[in-house]
Structure formats: structure tokens, C-alpha cells
Amino acid sequence: MKPLDSHNFNPELEKRVKNTINDYELINDGDKVAVALSGGKDSVLTLYILDKLCRESDLNFEILAIAIDEGIKGYREDGIKSARNNASQLGVDYYELSLEDELGFTIDQASNFYKTSCVPCGVFRRYLLNRTAHKLGSDKLATGHNLDDEVQSFLMSFARADIRRFPKFGPKLERIHPKMVPRIKPLWNILEKEVGMWAILNKVDVHLAKCPYAHKSFRSRLKNYLNNLEEDKPGTKMKMLEFFQKNLQVAKKEVKLYECQICGEPSSAVICKACEIGDIIKKKY
Ligand code: SF4
């Protein structure tokens with residue numbers, strides 16, 4: 001895999017995403033695909049490309065967008081605005097939920113009890129996205145994960161010796177529970193800087209601000225480290241992705257999911273993480 005050619009940028013980008021969708025059979029005829037739309041560049045590009053594919057390719061599928069307002073003051077409002085604008089510009093059905101309405105607290109409130117807000121934020125966002133996508137009858141949940149995100153996630157699991165997360169690596173996660181909507185990652189082999197170039201070249205309204213909690217996370221430190229490596233040795237991230245892609249099958253194993261005894265949503269334990277963490281936050285707040 002080579003970086004995209006800047007002279008023929010849009011067609012090359014679309015071709016690479018289409019190839020990923022076809023090669024890994026991310027979307028099937030008749031699918032209803034929910035796009036997790038944050039308003040950031042990655043999710044907006046995912047929405048644009050899927051919308052274009054939907055209208056122009058032979059694949060017959062429909063899309064909708066779901067945005068989650070996590071409740072991060074001074075940051076999330078602009079992302080939500082961008083999500084609304086892009087969905088409306090494309091005429092895509094748009095559903096918006098807030099953590100406060102759905103669960104009774106915001107990430108700003110939860111952040112008082114966690115060293116890094118990214119832990120509860122990720123748990124609750126995934127929870128609400130899956131629950132909503134399932135309620136809406138979606139066959140797939142498309143996220144904006146790009147190549148950088150994938151390499152970071154893999155290295156995070158590797159550094160934590162958390163082999164349970166390895167099956168989550170890759171452009172498509174199979175359905176492992178009737179209530180778990182399979183996730184697909186159409187931007188899986190697109191570099192983050194290429195997504196940024198797409199937004200700038202096409203003057204797309206995306207939310208580019210950095211979350212005020214991001215700097216505290218392990219991911220953020222890993223991201224800086226990988227960016228430095230890439231600057232010294234261009235192509236490092238792509239080589240890492242290729243290596244994982246070739247060797248990961250060995251680590252994949254069947255994952256069993258239960259239904260949470262409190263909310264009934266799919267969970268790897270008898271009580272799901274959203275109920276477990278949510279209960280702690282509610283008691284402390
Ligand atoms: Fe949530 Fe962390 Fe992302 Fe901020 S950086 S939106 S707290 S996951």
C-alpha cells in the first residue's frame with residue numbers, strides 16, 4: 001500500500017475505500033447501514049463515501065446517521081452542529097441522542113471520577129450507538145476508524161497484554177450476538193492525514209477541534225509517538241497495519257457474549273460495562 005497520490009486524490013481515495021468494502025464484503029445487498037457520525041473528519045468522510053456508493057454503485061443498500069452528544073462543554077456542541085449539517089446536506093436520515101437524556105449524566109460529570117474520561121466516554125458511546133443502531137433495524141454500524149486509529153488500538157491492546165481485544169482488529173467485526181450490530185470500518189487503510197487532506201481539499205464542514213480530555217489518554221501519547229516514528233521513517237504505520245493484517249488470524253478466537261442482567265444489552269460479562277460504570281457514576285454524583 002502506498003500513500004494516496006495528491007494529483008488524483010479524490011478518485012484514488014474513493015477507489016481504495018471501495019476496494020476495502022468489496023474485498024472484505026463490508027456491505028451486502030439490502031443492508032441498512034448506520035453511520036456513527038461525530039461530526040469529525042473521519043466520520044464525515046465515511047458518511048460521504050457511503051452516500052456516494054449508495055447512489056452510484058450496483059450495491060443496493062441504505063444509510064442513516066447516528067450522533068451521540070457525550071456532554072463535553074465547549075467542545076461537543078460544534079461537532080454536533082457539523083454532524084447535523086452534513087447529514088442534512090446529503091439528505092441522510094439523522095438520529096441524535098445525548099448521554100444526559102439517555103443515561104442521566106454527562107462525560108464532564110463522569111470525568112470527576114476517572115483518571116481519563118476516554119474510558120467512560122468510549123464505553124457509553126459504543127453502548128448507545130449499538131443500542132440505537134439495533135433498534136433502528138441496522139445490519140451494519142459503520143465507524144470512521146482510520147489506519148492510525150487501528151494501529152494505535154492494536155498497540156494499546158498489545159501494551160496491556162489484552163488479547164481479548166485482538167478480534168476487534170480488522171475492517172469488519174462479525175455478528176457475535178443477535179443484539180450486537182456488526183461494525184465495519186471503511187477507512188481502515190486510509191491514513192489520518194489523508195482524511196484531513198480530503199476535508200481541506202473539498203472544503204467540507206468538519207469539526208477539527210481537539211477534545212479537552214484527549215491529552216490525558218494513553219492513545220494520545222501513543223499517537224504522538226507513532227507520528228514521530230512516521231516522520232522519521234515514512235510508511236511505518238502502513239507496514240504495521242500490513243503486519244497485523246497478515247498475522248492476526250492466529251490471535252483471533254471465538255468471543256462469547258451474554259445479555260447484561262440489568263439492561264439486556266450484549267455484554268462480555270453478566271453485567272455490561274455501561275451499567276457497571278454508570279452505577280458507580282450515579283452513586284458518586
Ligand atoms: Fe471522549 Fe476521550 Fe474522545 Fe474526548 S478524546 S471524545 S473524552 S474518547
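The lining of the second largest pocket comprises six nonpolar, two polar and two charged residues. Here Ala, Val, Leu, Ile, Met, Phe, Trp, Tyr, Cys and Pro count as nonpolar, Asp, Glu, Lys and Arg as charged, and the others, Gly among them, as polar. The model is predicted, so local features need pLDDT of at least 70 and side-chain atom pairs count only at pLDDT 80 or more, while totals for chains, interfaces and linings use all residues. Residues are numbered from 1 along each chain as its sequence is written, and side-chain values use heavy atoms, with hydrogens and water left out.

The lining consists of N10, L13, E14, L45, Y48, I49, K52, W198, N202 and V204. Two or more of these residues come from each of α1 and α2 (41-56), and α2 gives the most, with four residues. The volume of this pocket is about 150 Å³. On a 1 Å grid over the protein atoms alone, a pocket is an open set of points where a 1.4 Å probe fits, with protein on both sides within 12 Å along at least five of seven lines; lining residues have an atom within 4 Å of a point. Grid points are joined across faces, edges and corners, and the volume is the space filled by probe spheres set on the points.

Helix α2 has 16 residues and reaches 22 Å from its first C-alpha to its last, close to the 22 Å expected at 1.5 Å a residue. The expected span is 1.5 Å times one less than the number of residues; helices (H or I, at least four residues) and strands (E, at least two) are DSSP runs, numbered from the N terminus. Among the residues of α2 that are buried are V44, L45, I49 and L50, where buried means under 20% relative accessible area with a 1.4 Å probe, protein chains only. The buried residues of α2 pack against α1, β1, β2, α3, β4 (140-142) and α8.

In the largest nonpolar core, which has 34 residues, L13, I21, I27, V33, L50 and W198 touch the most other members. Such a core is a set of buried Ala, Val, Leu, Ile, Met, Phe, Trp, Tyr and Cys residues joined through side-chain atoms within 4.5 Å. Helix α2 gives the most to this core, with six residues. Leaving aside neighbours within four places in sequence, W198 is in contact (heavy atoms within 4.5 Å) with F9, N10, L13, K41, V44, L45, Y48 and V204.

Definitions and conventions. Buried means under 20% relative accessible area, exposed over 50%, partly exposed in between (1.4 Å probe, protein chains only).
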